[in-house]
Amino acid sequence: FSNQENVYKKIGFPLLEKAFEGYNTCLFAYGQTGSGKSYTMMGFSDEGIIPRFCEQLFAIVAKPEMQQVTCHIEMSYFEVYNEKIHDLLVGGNGKMQVKQSLRVREHPVFGPYVADLSLNVVTSYADIRGWLELGNKQRATSATGMNEKSSRSHSVITLVMTQTKAEFVEEEEHEHCVTSKVNLVDLAGSERCFTAQTSGDRLKEGVSI
């Protein structure tokens, strides 16, 4: 057994360090339904990798040695439900709201992206926590024979961090920018319909997963 703090230190924190070095990073949880993916990524009473990652991100930004660097951080949060993409940070009426489906496009330089996905500026961990609470309320979950609160969609949290620092080259001041993108993914659990005792909408969701 390993507690949430140790899991974050072994898996999450090295990715945070690489992000500050300018690398794009990605972490995703994969496995059978009920195996603890959402608990590991988000946590319940004990915070998981995602909240710990975001909290430490701003703790590092606030360090004295980072005073010469300007950090601009943006956040998006979407789900893939029944092979359709939904923005989890738009609207506030919960799961009863009809969600608009978004489309994946291909940028000639930056590659695949989700068109019309909201990108929100965050300046503190409190900002991120507020967006996470909104997104988690709107994410699709249902009870199955194997998990009373089964995630029925894949979720992707993206943080885009741009670090800007002034550098002097031949006595002239120039701004040097480094942008890194972090994707934190909680996949819906794989399941067998007989074991999970799914039918109707739950069966359709399982096939899409």
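**Ground rules.** I am working with a predicted model, where local features need pLDDT of at least 70, side-chain atom pairs count only at pLDDT 80 or more, and totals for chains, interfaces and linings use all residues. Residues are numbered from 1 along each chain as its sequence is written, and side-chain values use heavy atoms, with hydrogens and water left out.

**Entry one.** I looked up the salt bridges (a side-chain nitrogen of Lys or Arg within 4 Å of a carboxyl oxygen of Asp or Glu). The structure holds four.

**Entry two.** I found both in helix α1, residues 4-20. They sit four residues apart, about one turn of the helix. Helices (H or I, at least four residues) and strands (E, at least two) are DSSP runs, numbered from the N terminus. I checked exposure next: buried means under 20% relative accessible area, exposed over 50%, partly exposed in between (1.4 Å probe, protein chains only). Glu5 is partly exposed because its relative accessibility is 37%.

Asp46 and Arg52 pair through their side chains at 3.0 Å, N to O. Asp46 has a relative accessible area of 28%, so I logged Asp46 as partly exposed.

I then turned to Arg139 and Asp186, whose closest N and O atoms are 2.8 Å apart in a salt bridge. This pair links distant parts of the chain, 47 residues apart. Arg139 is in the loop between α4 (125-138) and β8 (141-142), and Asp186 is in strand β11 (residues 172-186). Buried or exposed, I asked of Arg139? Arg139 is buried, because its relative accessible area is 6%. Asp186 is at 5% relative accessibility, so Asp186 counts as buried.
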